[in-house]
Amino acid sequence: MTEEMKKKLLYSAKPSYETADRADIYDFCEGYKCFMDAAKTEREAVAFAKTVAEAKGFALFDRKKTYKAGDKVYYVNRDKSIVLAVIGSEAIEKGANIIVAHVDSPRLDIKQRPLYEDGGLAYFKTHYYGGVKKYQWTAMPLALHGTVIKSDGTKINIALGDDRDEGAFYISDLMPHIAKDQIDKPLGTAITGEGLNVIVGSIPCDEENNPIKLAVLADLYEKYGITEKDLITAELCAVPADKARDIGLDKSMIAAYGHDDRICAYPSMCALFEETVPKRTCVCIFADKEEVGSYGVTGMSSAAYKNFLTDLCAMDNANFNAFCENSICISADVGGAYDSCYGDAYDAKNSAYINKGVVITKYAGSRGKSGTSDATAELLARVTGALDKDGVAWQTGEYGKVDQGGAGTVSTEVALLNIDVIDVGVPLLSMHSPFELASKADIYAMYKAAKSFFAL
Ligand code: MN
Ligand code: MN
């Protein structure tokens, strides 16, 4: 067989670090790390996106206004999700190119009645949010992030414990010397949900009852003017403290808390911010609650997003059903990258790999594709065709071996609107752990993929 014929017959792809200038990749990721350090919760991610969008000329969407090609609008849903749109020159009815990512990440939510003292320490009780391996959250510095709404409506944003001059927080673990009973337990039960209690203080005040608890409350009152009752209405969580870090001698990767899924949101918004007058209307939706099933008024199953798109159509007298039929969507979410240390869990031939570009997942789901949206072959070919044309590194990837489990994404919620949707995202190692790992070249590939998709 001739070399030429062999080349034609076999499929091969360039690694992501060979599809772009190394300096461009590393520069882009400096911006990404700043975003990650500023946005550890969905509220913080939305505030970041809103601030940058306003600086880039985006205005709050007004359903009574008529917008023209090139106009940039945003809509914020209860401070926990945001929609950004750049109006295209084509009629809205011809559809939009929509990228949906989620900006919530697995974490430890603080319970509504959190504060107690025991054994000489004060603690916050937690209720974990999303799929976490509980043992990973002990014996490491944690930060406290969230929002306290006082009964008079005053809103206080808290982000405490990330800076080296602030006290961080901590969940203890049992020393191995006396952990025989614990170590004999399966990994999933050795640390319990009720055992994930966050240490918040240790020095008592001069009261007889609950002196450490009262000392913590006095500190909180001094810092934020809040009381134990305000904690009841608050939305607080414990997240890993510290900043995103370069990994490797070559600094080719980034370990950070919450790559899933802000690693798809950031490149997508950067791509959208560069649109001036696109042919088709381009939309980014950064949703909340994906990690707990996309329920709730800020999750992707909320009518908030459909309502926004309906309003967009109404402004142009466009038929909403036609708009949905003609729209295409990338459900931008992370995929699992092959991990040779746990090779048994993967189908190495159908896994995504670090440094091979964005991972396209035709179908997710588990136990025989159950619960998957399964993108059409037509959309798969259209999207990969565009990525090839623009020299964007991409690969396909399943989560792992067929019988090992699986996952879901917002693609199922998007499909409910009769919008053609496909999963495209950045492959990760250690997904859902306190510090997830991703390749810089793949993050940059996600940005290029978003640009390519908006131009489709
Ligand atoms: Mn995700
Ligand atoms: Mn996830």
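How many positive and how many negative side chains does the chain have, and how far apart do the centres of the two sets lie? I found 51 positive and 65 negative side chains, with the two centres 4 Å apart. For this count Lys and Arg are positive and Asp and Glu negative, while His and the chain ends are not counted. The place of each charge is NZ of Lys, CZ of Arg, CG of Asp or CD of Glu.

**Basis of the entries.** I worked from a predicted model, in which local features need pLDDT of at least 70, side-chain atom pairs count only at pLDDT 80 or more, and totals for chains, interfaces and linings use all residues. Residues are numbered from 1 along each chain as its sequence is written, chains are lettered from A and ligands numbered from 1 in the order in which they are written, and side-chain values use heavy atoms, with hydrogens and water left out.

**Overall fold.** I noted 13 helices and 21 strands in the chain; these are DSSP runs numbered from the N terminus, with helices being H or I of at least four residues and strands E of at least two. The radius of gyration is 23 Å, close to the 23 Å that the globule rule gives for 456 residues, so the chain is as compact as a globular protein of that length. That radius is taken over C-alpha atoms, and the rule is 2.2 Å times the number of residues to the power 0.38. Along its principal axes the C-alpha trace spans about 80 × 60 × 40 Å.

I recorded 52% of the 456 residues as buried (under 20% relative accessible area; exposed is over 50% and partly exposed in between, with a 1.4 Å probe and protein chains only). Of the contacts with a separation of 6 or more, 76% join residues 24 or more positions apart, a contact being heavy atoms within 4.5 Å.

His-102 lies in strand 4 (residues 96–102) and Asp-260 in helix 8 (residues 259–273), so the pair ties together parts that are 158 residues apart in sequence. His-102 counts as buried at 1% relative accessibility, and Asp-260 is buried at 3%.

The manganese ion (ligand 2) is coordinated by Asp-260 (OD), Glu-291 (two OE entries) and His-432 (NE2), at 2.0 to 2.6 Å. Glu-291 sits in the loop between strand 14 (281–287) and helix 9 (303–315), 31 residues from Asp-260. Glu-291 is buried, as is Asp-260. The two manganese ions are 3.3 Å apart, with Asp-260 coordinating both.

**Backbone.** I also found a cis peptide bond from Asp-260 to Asp-261, with omega near 10°; Asp-261 lies in helix 8. Asp-79, not a glycine, has a positive phi of about 65°. Asp-79 is in the loop between strand 2 (72–77) and strand 3 (81–86) and is partly exposed at 34% relative accessible area. Asn-210 likewise is not a glycine and has a positive phi, of about 50°. Asn-210 is in the loop between strand 10 (198–201) and helix 6 (211–224).

**Asp-311.** Asp-311 lies in helix 9 and is buried, with a relative accessible area of 17%. Not counting residues up to four places away in sequence, Asp-311 touches Phe-61 and Arg-63.

How values were computed
Donors are N, O and S atoms within 2.8 Å of the metal (3.2 Å for Na, K and Ca); water is not among the atoms, so sites may look incomplete.
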